[in-house]
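Please look at the model below and follow the report beside it, turning to each residue as it is named.

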Amino acid sequence: MLGAQILRPHPTTSPLPSSAVGPPNNYTRTALFRYMPPASLAGRNQKVCLTASDEWGMARVEHCLQLVTGSCKACVREGQTLSGLAAEYATDWLQIWATNPRMGNPNKARAGGFLVNIGVLFTAVGGETAEDLALQFFLSTDRLLDANPDFVARSGGREVAAQRGLLPGQEICVVPPVCSVECPGGGTCITREASTNKGFVA
């Protein structure tokens, strides 16, 4: 399963229980299941079943759960910079920083698993298409579809998804190109070549 990892033993496991009448028993085992899905699985629902059994196979326990992967969000990996995360989503670190107003210093080291917004969720009135939204937000249709792999999968492919009318209340992830759009004098906005701010490492 992409993005899944089982750590054994559990990094914060408790000491094994001791027997009251003999040597310490060895019946307890713990593990940590960690799931950090790639961008291609954004917005998906997946069923995961975990199985535990004794070493002789005499007893077996299975527990299943439904994992719901959020859309328009990502988990920062241990040691990952904003620039590295932005590269995975074909955007700029300034864009990610702009959609996370409480993030603070973009150069600050953060623990793995820190959740950030990749873009903003647009709620459809109804009838809009991906092509309409791309034009409205100064994006290419391909960029918009890249940010919504779940929508593409449900639509049956990119060509259908590009022209499929959205339902009222349907949410689409939009990663607006804040670094490549300017609105001179507050008037009509135009696109320009994205600039890089070398004053930050990010």
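A disulfide is a pair of cysteine sulfur atoms within 2.5 Å. The structure is a predicted model, in which local features need pLDDT of at least 70 and side-chain atom pairs count only at pLDDT 80 or more, while totals for chains, interfaces and linings use all residues. Residues are numbered from 1 along each chain as its sequence is written, and side-chain values use heavy atoms, with hydrogens and water left out.

## Disulfides

By the rule for sulfur atoms, the count comes to 2 disulfides. One of them joins Cys49 to Cys64, with a distance of 2.0 Å from S to S. Cys49 belongs to strand S3 (residues 45-53) and Cys64 to strand S4 (residues 60-68), so this pair ties together parts that are 15 residues apart in sequence. Helices (H or I, at least four residues) and strands (E, at least two) are DSSP runs, numbered from the N terminus. The torsion about the S-S bond of Cys49 and Cys64 is about 105°, so the disulfide is right-handed.

The link of Cys72 and Cys173 is right-handed, with 80° about the S-S bond, and both Cys72 and Cys173 are buried.

## Aromatic pairs

A pair of aromatic rings is described by the distance of the centres and the angle of the planes. Rings of Phe, Tyr and Trp (its six-membered ring) pair if their centres lie within 6.5 Å; planes under 30 degrees apart count as stacked, over 60 as edge-to-face and the rest as tilted. The structure holds 2 aromatic pairs. In one of them, the rings of Trp93 and Trp97 have their centres 6.1 Å apart and their planes at 45°, so the pair is tilted. Trp93 and Trp97 both lie in helix H2 (residues 93-98), where they are 4 residues apart, about one turn of the helix. Trp93 counts as buried at 7% relative accessibility, whereas Trp97 is partly exposed, with a relative accessible area of 31%.

Phe122 and Phe137 form an aromatic pair that is edge-to-face, with 5.8 Å from centre to centre and 75° between the planes. Phe122 is in strand S7 (residues 120-123) and Phe137 in the loop between helix H3 (130-136) and helix H4 (141-146), so that this pair links distant parts of the chain, 15 residues apart. Phe122 counts as buried at 17% relative accessibility, while Phe137 is partly exposed at 23%.

## Salt bridges

A salt bridge is a side-chain nitrogen of Lys or Arg within 4 Å of a carboxyl oxygen of Asp or Glu. By this rule the count comes to 5 salt bridges, and the table gives some of them.

| Residues | N to O distance |
|---|---|
| Arg77 and Glu88 | 2.5 Å |
| Arg158 and Asp146 | 3.1 Å |
| Asp150 and Arg154 | 3.5 Å |

Arg158 lies in helix H6 (residues 158-163) and Asp146 in helix H4, so their pair ties together parts that are 12 residues apart in sequence. Asp142, Asp146 and Arg158 are linked in a network of salt bridges. Asp150 and Arg154, in contrast, both lie in helix H5, 4 residues apart; Asp150 is buried, with a relative accessible area of 10%, whereas Arg154 counts as exposed at 52%.

## Two single residues

Ser155 has its place in helix H5 (residues 149-155) and counts as buried at 11% relative accessibility. Contact means heavy atoms within 4.5 Å, and, not counting residues up to four places away in sequence, Ser155 touches Val160, Ala161 and Arg164.

Leu41 is found in the loop between strand S2 (32-35) and S3, and Leu41 is buried, with a relative accessible area of 13%. Leu41 and Ser71 are 30 residues apart in sequence, and their C-alpha atoms are 8.9 Å apart in space.

Conventions. Buried means under 20% relative accessible area, exposed over 50%, partly exposed in between (1.4 Å probe, protein chains only).
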